[in-house]
Amino acid sequence: PGTLYRVDENVGVIVGESGHREFKTLNENAMRILVDGSMRLGRWVKVRATQSSPAHQELVFQPCQRDLAGLILEAARASAYVRELKLVVSYPVFLPGLKLAEPGWNENGGVFYDQPEALVNLKPNPDRALDILDDLVIDFPLKDEASRQNVYAMMLTMVCRPAIEGPVPFFLVLAPLERTGKGKMIDTTL
């Protein structure tokens, strides 16, 4: 546990620097490297007798073979020891039961929260939450208050998605004029 993760039937590892981690699927060659880096496989070989020593067996290092790596990958697809990963995030999210995710692996929800250093001592202030949301979209020419509320819903859906069982809203961003910042708004709010 903690080495391999599974997304659907894809087995992989979480790689990257703190705050920028992501799930990477393993193929047979990558699994060979992982196995050889994690353990030493060996095989017994017979050593013939010499004048100074009798015949005996000796354990020698054996690199992970491709067929063994394939078997490990296949077994990991159904193993209870491989964690079922649903999401890797670098921002706080709520898990089922509206519990805030802890840094690292969260069994409840299948979320790996890769907490960046900048968020380590962050204390939320609910009194200023609306002000912060307003600051994020202040420069965008929103049509009306309903449009502003939909942008808030788009932002909050990302934070609450792991806690929601079932479908979530689909958001489509439109504008009456070109070059008004639709892409920048999506990048800023998501």
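Here is a short chat about how this predicted model is put together.

Visitor: What is the strand order in the open sheet of four strands?

Guide: Strands here are DSSP runs of E with at least two residues, helices are runs of H or I with at least four, and both are numbered from the N terminus. Two strands pair if DSSP finds at least two bridges between them. The edge strands, each pairing on one side only, are β3 (22–25) and β6 (83–84). With mixed pairing, the order reads β3-β2-β1-β6.

Visitor: Which residue of β2 stands opposite Y5?

Guide: Strand β1 (residues 5–7) runs parallel to β6, joined by two bridges, and there Y5 faces R83. β1 also pairs with β2, in the antiparallel sense over three bridges. On that β2 side, Y5 stands opposite G12.

Visitor: And what is the bridge partner of G12 in β3?

Guide: Strand β2 (residues 10–15) pairs with β3 in the antiparallel sense, over four bridges. In β3, G12 is partnered by T25.

Visitor: Which residue in the turn between β2 and β3 has a positive phi?

Guide: For comparison, the β1–β2 hairpin has two residues between its strands, and D8 in that turn has a positive phi of about 55°. The β2–β3 hairpin has six residues between its strands. There, the residue with a positive phi, about 115°, is G16.

Visitor: At what angle do α1 and α2 pack?

Guide: Axes are lines fitted to C-alpha atoms, for helices over the stretch in contact, and angles run from 0 to 180 degrees between N-to-C directions. Helix α1 (residues 28–38) and helix α2 (residues 66–76) have their axes 8 Å apart, at an angle of about 95°. That makes the two helices roughly perpendicular, a label for 65 to 115 degrees.

Visitor: Which residues of α2 make that contact with α1?

Guide: Contact means heavy atoms within 4.5 Å. From α1 come E28, N29, M31, R32 and V35. From α2 come R66, A69, G70, I72 and L73.

Visitor: Is N106 buried or exposed?

Guide: N106 lies in strand β10 (residues 104–106). Leaving aside neighbours within four places in sequence, it touches L95, A101, V111 and Y113. Buried means under 20% relative accessible area, exposed over 50%, and partly exposed in between, with a 1.4 Å probe and protein chains only. At 6%, N106 is buried.

Technical notes. Residues numbered from 1 in each chain as written. Predicted model: local features only at pLDDT ≥ 70, side-chain atom pairs only at ≥ 80, totals over all residues. Heavy atoms only, no water. Parallel < 35°, antiparallel > 145°, perpendicular 65-115°, else oblique.
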